[in-house]
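Reader: Please take a close look at a single part of this model. I would like the backbone and the surface treated together.

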Amino acid sequence: NISCNENYVVWSEDIPDPRWDDSSSRLNIYNFKLQKTSIVKTHGRIIGPSISVDGVHLAAMEFDRQGIASLVILRTDSGELEKRTRVPEGYLWQTPRWGLSSSAVAIVESSGGGKAIILYHLPDDRIERPMVSVFRQISDPYIAGDRVLHHSDYSGSDNIFALDLKNGKIYQVTNSYRGVIQPSVSFDKKSLYFTNITRDGR
């Protein structure tokens, strides 16, 4: 995954180890102003880095060599670790994204009971579960005020839906026959952006 704003672009790369048939990863942070890439060493594999809207923090999933998964929060300017939160046993966390909030990260949580969107609140290191798990595809969560936009197939095709954080209800935002994914919102909250899948799959 690649994430960027006006100052930085970040991405992770897998680094294979042919001798041990293993791989690790490194996190790359490119500074547009300095025209320089910083490489951040990690304890294992880093997946899905995402830059906060204010550009201060990075969120990503980290998997150590024992397979233990954690959500990590890093400083964008230095790559310094701020917080590490271990994923509870029996759960899988995926695709952390900030959206319009720099104080909370939306995450897709999978378990034997299905999938759900959870929120990690940075100031108090708190996990919030605003919805019950469902046996549906859920991805690309994006915090937009008191709603979390996301891609799902609740209606039978891939579309953008919104989870209302006030009451836990979910309603449909787009109505595409072939599919819509990857929602995001403009800073003034007036425009919705997404990827619309075409007839030939592009």
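Author: Lys 189 is exposed, with a relative accessible area of 55%. Exposed means over 50%, buried under 20%, and partly exposed in between, with a 1.4 Å probe and protein chains only. This is a predicted model: local features need pLDDT of at least 70, side-chain atom pairs count only at pLDDT 80 or more, and totals for chains, interfaces and linings use all residues. Residues are numbered from 1 along each chain as its sequence is written, and side-chain values use heavy atoms, without hydrogens and water.

Lys 189 sits in the loop between β17 and β18 (192-196). Strands are DSSP runs of E, at least two residues, numbered from the N terminus. The hairpin of β17 and β18 has six residues between the strands, and Lys 189 takes a positive phi near 65° there. Most residues other than glycine have a negative phi.

Gln 182 also has a positive phi, near 55°. Gln 182 belongs to strand β17 (residues 180-185). Gln 182 is partly exposed, at a relative accessible area of 40%.

β17 and β18 pair in the antiparallel sense over four bridges. Pairing requires at least two DSSP bridges between two strands. Ile 181 has Thr 195 in β18 as its bridge partner.

Val 173 lies in the loop between β16 (170-172) and β17. Val 173 is partly exposed, at 37% relative accessibility.
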